[in-house]
Amino acid sequence: MKRTTKTRLTRGSLYAIFVAAVAALVLAADWPAIQEAFFDVEIAKDLFPDVVVVAAKNTIIYTAIAFAGGMVFGLVLALMKLSPVAPYRWVATVYIEFFRGLPALLVIFTFAFAVPIAFQWRPPGGNAGAGLIALIVVSAAYIAETIRAGIQAVPKGQVEAAHSLGMPAGWTMISVVLPQAFRIVIPPLTNELVILIKDTSLLFIVGMTLSQQELTTFARDGVSSVANSTPLTIAALMYLAVTLPLTRLVAYMERRGARGR
Amino acid sequence: MTSTPAYEHAIDVQQLHKSFGDNEVLKGIDFHVDDGEVVCVIGPSGSGKSTLLRCVNRLEVPTKGRVLVEGVDMTDPETDLNDVRSRIGMVFQSFNLFPHLTVTANLTLAQRRVKKRGKAEAEKKARENLARVGLEDKADAYPAHLSGGQQQRVAIARALSMDPDLMLFDEPTSALDPELVGDVLAVMKSLAAEGMTMMVVTHEMGFAREVGDKLVFMDEGVIMEEGDPAEVLSDPQHARTQEFLSKVL
């Protein structure tokens, strides 16, 4: 048999297997049952407008707070990790390794239930507030590592040029290094943001008032009250409406960045 | 500089040693540059000439010895490094312009942060120095949109905007395409003609002969030979100098 014939036969049979598998799935599935379970139009309609004006809105607010807090705290940690003062480096390293090594769910649980009892602390915003603080604490560890990598990716000659002009270390960091570092880390930071959007769903563990509910908690409550999975589908579509454009944006920026350098 | 300076040499390097780990790059250098003098330093790669230059504004920390700039000891921990550095212009082989800033912002950043000049004053100074290097039309461009030769001239203008007393050049034309070298050398020549004190690490023997007041040949961390550029280039005394010059001339 000729080589080309053999290749063609192999490829043809791969296509045939694919078509057979899809056909089997389509024919075997009970479509009306699936539609009733996951996409009941009447139930879906009842979810609006709350799924948007309460749940999606809260998801976005929680993400924004956790990301903003994580950025501020993460920047401080990154600078500590690069500090010439050794104890600062130790503290930052221990913090980052500790919180990157733990499941976010465990940290949220600890902040919402264990810390308030142990420290006689009433978190602002109740359990949801405590959970949010936990999300900040965790995301700061990841963001710190991202920012540190960005700072170290700025060429050494930039710092030397600033120093040779008489610029002190602080101004050099603020005016020369950080603006370039942030440009470098925009794609990985946007990835952190996407992860954080999804991680706000972990807040369901703390139990929230109706007005505090984010998408996943809202969907879970919906499922138990209507005994149907449609709320999960709607919540999923809501997440994708936010995360898909963002991941596309990251891909675009990475392509552009690869061309620019 | 009308008054008599309170120091002997603009740059005074005494018994300078510098090691990177076990590798001793500078092995006891004595070297000086006087006010208004143009001193060119040549030598094979790895001879320590760039390290010597970088020790002058303490981008490298000397292992042993002293470096005095206008009488200020750069090796003294009490010295206000930023203050002395603001009086030493430095030009790098790789330009090191700030890529996120426009040309004007590159020239005004340190003026405003270090010299505490106002925006208008700093921008006026920037325009003057861009004109000096022939690039006043590039004030709003970003470095990435300039050729290598233009970037290096902007880098020179950036250093000049601090009104330095002396200038250090670390192989300023080595990263340039041959046809762009001339523009940069012309700017350096005009600076020398204005009486700027300059220390230039270079491979441009023509520039050294024409503009230099003194030529220093370094090899393996020591100064092998120094003197009048024309004499050193045409009649080198040391065997290593002869060998090096026979390869590059």
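What follows is a chat about a predicted model with chains A and B.

Trainee: What should I know before reading the numbers?
Mentor: This is a predicted model, where local features need pLDDT of at least 70, side-chain atom pairs count only at pLDDT 80 or more, and totals for chains, interfaces and linings use all residues. Residues are numbered from 1 along each chain as its sequence is written, chains are lettered from A and ligands numbered from 1 in the order in which they are written, and side-chain values use heavy atoms, with hydrogens and water left out.

Trainee: Chain B, then. What is the strand order in the open sheet of 6 strands?
Mentor: The order is β6-β7-β8-β3-β9-β10 in chain B, with mixed pairing. Strands here are DSSP runs of E, at least two residues, and helices are runs of H or I, at least four residues, numbered from the N terminus. Two strands pair if DSSP finds at least two bridges between them.

Trainee: Which strands stand at the edges?
Mentor: β6 (88-91) and β10 (222-227) of chain B; each has a single partner strand, so one side of each is left without a neighbour in the sheet.

Trainee: How many bridges join β3 to β8 in chain B?
Mentor: There are 4, between residues 38-42 and residues 197-201, and the two strands run parallel. B:Val39 has B:Met199 as its bridge partner in β8(B).

Trainee: And which helix lies across β3, β7 and β8 of chain B?
Mentor: Helix α6 of chain B, residues 178-193, at about 145° to β8(B). Axes are lines fitted to C-alpha atoms, for helices over the stretch in contact (heavy atoms within 4.5 Å), and angles run from 0 to 180 degrees between N-to-C directions.

Trainee: What about the open sheet of 4 strands?
Mentor: That one is ordered β2-β1-β4-β5 in chain B, with antiparallel pairing. β1 (residues 11-20) and β4 (residues 64-69) of chain B pair over 5 bridges, and B:Gln14 has B:Arg66 as its partner in β4(B).

Trainee: B:Asp73 is in β5 of chain B. Is B:Asp73 buried or exposed?
Mentor: B:Asp73 is buried, at 17% relative accessible area. Buried means under 20%, exposed over 50%, and partly exposed in between, using a 1.4 Å probe and protein chains only.

Trainee: What does the side chain of B:Asp73 make a polar contact with?
Mentor: The side chain of B:Thr75, at 2.4 Å. A polar contact is a pair of N or O atoms within 3.5 Å; within protein, one must be able to donate a hydrogen and the other to accept it, and residues adjacent in sequence count only if both atoms are side-chain atoms.

Trainee: Switching to chain A. Which residues touch the most other members of the largest nonpolar core?
Mentor: Of its 56 residues, A:Val51, A:Tyr95, A:Ile108, A:Leu135 and A:Leu215 do. Such a core is a set of buried Ala, Val, Leu, Ile, Met, Phe, Trp, Tyr and Cys residues joined through side-chain atoms within 4.5 Å. α7(A) gives the most, with 14 residues.

Trainee: How many aromatic pairs are there over all chains?
Mentor: 5. Rings of Phe, Tyr and Trp (its six-membered ring) pair if their centres lie within 6.5 Å; planes under 30 degrees apart count as stacked, over 60 as edge-to-face and the rest as tilted. A:Phe73 and A:Tyr95 are edge-to-face, 5.4 Å centre to centre with 65° between the planes.

Trainee: Where do A:Phe73 and A:Tyr95 lie?
Mentor: A:Phe73 is in helix α4 and A:Tyr95 in helix α5 of chain A, so the pair ties together parts 22 residues apart in sequence. A:Phe73 is partly exposed at 32%, while A:Tyr95 is buried at 15%.
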